[in-house]
Amino acid sequence: MLLPCVVTADDWLMATATAARVAEAVVGWHASHRHRHAADAGEQRRPLVVGISGPQGAGKTTLVRQLVDALGRNSSSSSQTPGQTAGQTAGQPLRAVAWSADDAYLPFDRQQAVAAAHADNPLLEYRGLPGTHDSRLVTDTLQRLVAGRLPVVLPSYDKSLRGGRGDRAPPSQWQTVEQPVDVVLFEGWFLGFRPWTPEQTAQLFDRHQQHLHDGAGTLDPPAAMRSVFKYTQHNIAQVMESLAEYERSWYPLMDAFVHIAAEQTDVVYEWRWEQEECMRRDRGDATLCLTRSQVVDFVDRFFPLYELCLPRLLSNGFFEGGDGDGTKTGCCLQLVINRQRQLVSSSTK
């Protein structure tokens, strides 16, 4: 993803501190991963794929830049990581490459076609939610990186194009991975969210309707679901259908996971506006960015997924108890940050 501007020194320092904690976890995961795949045929072993999730504006892009640098230096002085063999040193540099789900947003013309085909669904009007990505591009790109089928081209997306609505960047700005990598960092705001089934969605809306019929129609919905019922059951179900496809195609490729959670999710409105302001200063042209009201309208559409899917990720972690053989236990790192993006706490699942 193209970086719209240079982050502040404070943001950079906070991301550095968080990146150090994440790098420590990734080094350990990689050692265990390498041990499990020691018998892989050929010289090129399967890289560790780390999913990174966090709300818009949390600093994921800055974090992965710091993380790529930290892993490349990998100056860890620990003697031996669990699962590490005698021939592996904890301080061995790891070549990492980072890519974002944002970079797989549909090109502007295809996004317009999606919006036209689902004119009754405001959630698909603009980029952002499941259903507005090129899912096949993500799957194919990650699979090529995992298999070491180089070179691998990583498309990028420029959010400043089309008056701030965004478009895929020209190929001249895409990254090409030509050397084998040890770690693939794949980040996105909704990664780790699990879809609701059509039956679950129907039951939720049925309960809401029953609540209204029971005489509570003058009351607002519970705060935890306030955004969901601004949309129809069909609107939500369409997004969940796309999320289910991502879950089937993308999630099995993840070996480890980092989840960045905000203490208060509504801070996303503030963080997302800061991104636009940053891009505005960098480009020197206000017409390239969203207005404040447009940012609020844009972020509003993300909240149904936060309300429906974030609690499960917070409670269960990405792997939800492992994959049956215990190899994923402890491979989900959860970090909680405050409004200033300072690390408050961390835990593993």
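H6 passes H9 in a right-handed crossing; the handedness is right-handed if the near helix is turned clockwise from the far one by less than a right angle, and left-handed if anticlockwise. The axes of H6 (residues 233–249) and H9 come within 12 Å and cross at roughly 65 degrees. Here axes are lines fitted to C-alpha atoms, for helices over the stretch in contact, with angles running from 0 to 180 degrees between N-to-C directions. On the H6 side, the contact (heavy atoms within 4.5 Å) is made by Ile-236, Val-239, Met-240 and Leu-243. H9 brings Pro-304, Leu-305, Leu-308 and Cys-309 to it. By class, this contact has eight nonpolar, no polar and no charged residues, where Ala, Val, Leu, Ile, Met, Phe, Trp, Tyr, Cys and Pro count as nonpolar, Asp, Glu, Lys and Arg as charged, and the others, Gly among them, as polar.

A word on the basis: this is a predicted model, in which local features need pLDDT of at least 70 and side-chain atom pairs count only at pLDDT 80 or more, while totals for chains, interfaces and linings use all residues. Residues are numbered from 1 along each chain as its sequence is written, and side-chain values use heavy atoms, leaving out hydrogens and water.

Now to the whole protein. Its secondary structure comes to nine helices and ten strands, which are DSSP runs (H or I, at least four residues, for helices; E, at least two, for strands) numbered from the N terminus. Of the 349 residues, 50% count as buried, meaning under 20% relative accessible area with a 1.4 Å probe and protein chains only. Among contacts with a separation of 6 or more, 76% come from residues 24 or more positions apart.

In helix H8 (residues 292–300), the buried residues are Val-295, Phe-298 and Val-299. They cover an arc of only 90 degrees around the axis, so they lie on the same side of H8; the arc is that of the directions from the helix axis to the C-beta atoms. These buried residues pack against helix H7 (267–283) and helix H9 (303–316).

Glu-187 lies in strand E7 (residues 183–188), whereas Phe-229 is found in the loop between helix H5 (198–216) and H6. Their relative accessible areas are listed here.

| Residue | Relative accessible area |
|---|---|
| Glu-187 | 4% |
| Phe-229 | 19% |

For Phe-229 and Pro-304, 75 residues apart along the chain, the C-alpha separation is 8.3 Å.
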